[in-house]
Amino acid sequence: MLFNSLSFIVFLMIVLAAYYSEILNWNNKKRMLLLASYIFYGMWNPPLVILLWISTMIDWTAGKRLAVEENQRKRKLWLYLSMAVNLGFLGFFKYGDFLLENFTLMMQSMGVDYQARPMDIILPMGISFYTFQTMSYTIDMYHKKTERARNFLDFALYVTFFPQLVAGPIVRAKDLITQFYEPKKATVNQFIWGVFLLTLGLFQKVVLADTLLSNTADTVFKPGQVLNFWDAWSGTLAFSGQIFFDFAGYSTCAIGIALMLGIVLPDNFKYPYASLGFSDLWDRWHISLSSWLRDYLYIPLGGNRHGVTRMYVALMLTMLLGGLWHGAAWTFMVWGGLHGTYLILEKLQKKYIPFKITVWNGMFLALVTYTCVNITWVFFRAREFDTAWNMIKSMLFLNPEGTKLLESFDIIKVFVLIGILFCSHWFMRNTSVKEVASKISPYLLSIVWAIMFFLIAISQGSGEQFIYFQF
Amino acid sequence: MHLKKSFLIAILLSFISLSAWEIYWRSQGYHPTINDEKALWAKERAKLEDATQNDVVFLGSSRVYFDFQKKVWEKETGIKPIQLAVPGTSPLPALTDVVENTNFTGTVIIGVTPGLFFSTTYPKAPPWDRMQSNIDFYHNLTYAQKSNFFLSIPLQKNLVMMSADEEEWSDDIDLKALLRRQNTGERNGKTLAPPFYNFGDINYDRNMAMSERAATDTAFANSIIRVWNYFAGVSPPPDKEATTTYFLKDATKFLARGGKLILVRCPSSGGTRIGENKFLNRETHWDSLVNLVNAKTYHFEDYDQLKTLTCPEESHLSKKDAEFFTKELAQIMIKDNAISNLNTH
């Protein structure tokens, strides 16, 4: 079920009515939320709820045993079981075809006439999110960093909680399960703020991403085109805006919906396009994934504990696998590899040519960072390397005779919108929407709110899927 | 933070602004209509799963869609037809869907609009891809999509601002369409397609009829004619051999399992007819096709009462003429034993 759909509005109203009714006690309210979460997921493809159940059962059992088991060998086995099942699901459903395709290519390059039929496996929505979330529980249990969930209901709800089930934020057990222990109820202000965040998230998704930017990005990234400088940049900037508004919009909706239930979810985006360098970027973009990769991949790989070279290797491996997490294609690996390279170069710069960031050079640095991020988006969005290379060449003035594909209005629209996006990220760097909203007049806030609602209503999207659902 | 105050004022402002928006577009002559979208097609396609030997299915492009009026057909034949025609598409993938994905052994009536029927078998070409995307949508339909569609119907029926056809008409009023109107085409030197205005009204039963405006306002009808002329200029040449071979494969299979196939050539007139006669003429296309297939075939030119019908925008009949055409053709087919008249059973 999509947040930007009528069925979700009806679904949410029913859930809220049941949640705030006096008939149900807290345990029954949690059971109702669990059932609602399965319905939320099953409305897309009911049989795939079974994967959620298996993942839940395995990690619940592993967590239970890890809580009491002292034998290190057995503890490791429980951890490996959880990882094998979760990563096995990911490997089969997400990377099955990709692995088969590359195996076939490898065999053919070795002169073996091997042909394999694609398995055409359906990708279960949000599998990358919920497997990472459940694994984090078991890994934390293994390292004794979190307490065992008090009961199965709380754990199952933690894995399946519908606001963040299919596209995050990926929440740690200690941050979410503990909230289920005591009855939760949003205050009036929390509830209204939750509605505001839901409106803001939908505005980002429906109006900014789908209505204003997606067409330009889709047009420009069609394969087989050699484009003009302005078209290539417009398409790339449009995609950078589209993916931010799409994903941050989803996270904002998720946080808002949870808040309406009195549950607090962590921020997932903090104005990333005004980042001062790439470490800063990864502290601001998809925070729940980058912190997951840091804690469960980069640090176990050695982090910065074993010398500079090992640290760079760990960093690059983390970013390459982070890229692969987004999709089963080499273009995603290149995206991750570029980010890894940026991070390494930034560390070298900080070591050998350090400089102090001031207000004056800060904005320039943010602009440089954003420009470099845009280069990576080309590989993220293009489905083939040819398309990506053509785009990069056009962006570097290397295709002066490239096709002028877009209308003037499209180009102006993208540059104005992305200009506003960049400036707003710059000015919001050290604050939050809530802080700004608390400082402005309630009348101004209501006007902004009404404008967003009006634009959502007249945008009339056909319920475009969120981009991150495919990851 | 006075959130409660902001919330209440925001609700009030939203209500006022959306009401004003609705009233404004109604004052401009718009009225609430159902959206012609994949979900509506899927609802109609689902009827095929339980269809009997008596059922009749229409496949084809916009001519079959506009020219056959379901109520008239039902009155004449005693059975409500299943309308699966989609504007601008080839009927070939739809026939494949009927043959390969159903056990239907009733009657399939296929509209042969030469420019589309003989257009292509390339899956990514628009006439094919558009039809196939409807078929794929139906086969992959989720419960969420189904419920979205049914929940949206009361809104579509009552609010002008909910109109957003998949055709992306030039006079659509959703935000994306309003922004599309700003494009002037001067930068890339491309000749922009002339504005394509919505000229039909569809109902929940998926019956399409030409709007009163298109039937009576010559200037408006001319704007549609300019679109046909534009399409004629940019369309690739037809692929008669490949399309015929493809069609015969499915037709043979369908006939072999006991289904009945009827081919119909709906009227066209004016410049469009002249163009069709010149580039896709009857002898080399229609006649050559009907000679290869064991099906009843009906060309409007062969019937005195039908050959004089005039299409206001050269390609589709007005609602009144479509009702006449449906009635006459149904009677002709009954007389011909091509279809049964369940009214007399």
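**Exercise 1. Describe the side of chain A that touches chain B in this predicted model: how many residues does each chain give to the contact, and which elements of chain A take part?**

Step 1. Chain A contributes 39 residues to the contact and chain B contributes 34 residues.

Step 2. On the side of chain A that touches chain B, two or more residues come from each of α1, α8 (188-220), α16 (408-428), α17 (433-439) and α18 (442-459) of chain A.

Step 3. Of these elements, α18(A) supplies the largest share, 13 residues.

Step 4. Sorted by class, this side of chain A holds 25 nonpolar, 12 polar and 2 charged residues.

**Exercise 2. State into which domains chain A is divided, and describe the contact that domain 1 of chain A makes with domain 2 of chain A.**

Step 1. Domain 1 of chain A covers 6-185, while domain 2 of chain A is made up of 190-276 + 357-470.

Step 2. Taken over C-alpha atoms, the centres of domain 1 and domain 2 of chain A are 28 Å apart.

Step 3. In the contact there are 17 residues from domain 1 of chain A and 17 residues from domain 2 of chain A.

Step 4. On the domain 1 side, helix α1 (residues 6-19) of chain A gives the most, with 3 residues.

Step 5. The residues on that side of domain 1 of chain A comprise 10 nonpolar, 4 polar and 3 charged.

**Exercise 3. Classify the packing of helix α2 (residues 38-46) of chain B against helix α7 (residues 126-139) of chain B from the angle of their axes, and list the residues that make the contact.**

Step 1. The two axes come within 9 Å and cross at roughly 70 degrees.

Step 2. Angles of 65 to 115 degrees count as roughly perpendicular, so α2(B) is roughly perpendicular to α7(B).

Step 3. The crossing of α2(B) and α7(B) is right-handed.

Step 4. From α2(B), the contact uses B:Lys38, B:Trp41, B:Ala42 and B:Arg45. From α7(B), B:Asn134, B:Phe137 and B:Tyr138 take part.

Step 5. The residues of this helix contact divide into 4 nonpolar, 1 polar and 2 charged.

**Exercise 4. Report the confidence of chain A: in which helix is it lowest, and in which highest?**

Step 1. Chain A has a mean pLDDT of 91, and 98% of its residues reach 70 or more.

Step 2. Confidence in chain A is lowest in helix α4 (residues 72-109) of chain A, where the mean is 88.

Step 3. The highest confidence in chain A belongs to helix α2 (residues 26-42) of chain A, at 96.

Terms used
Residues numbered from 1 in each chain as written. Chains lettered and ligands numbered in written order. Predicted model: local features only at pLDDT ≥ 70, side-chain atom pairs only at ≥ 80, totals over all residues. Domains from an automatic or database assignment. Contact = placed C-beta atoms within 7 Å. Helix = DSSP H or I, 4+ residues; strand = E, 2+ residues; numbered from the N terminus. Nonpolar A, V, L, I, M, F, W, Y, C, P; charged D, E, K, R; others polar. Axes fitted to C-alpha atoms, helices over the stretch in contact; angles between N-to-C directions. Parallel < 35°, antiparallel > 145°, perpendicular 65-115°, else oblique. Left-handed = near helix turned anticlockwise from the far one by under 90°. pLDDT = per-residue confidence, 0-100.
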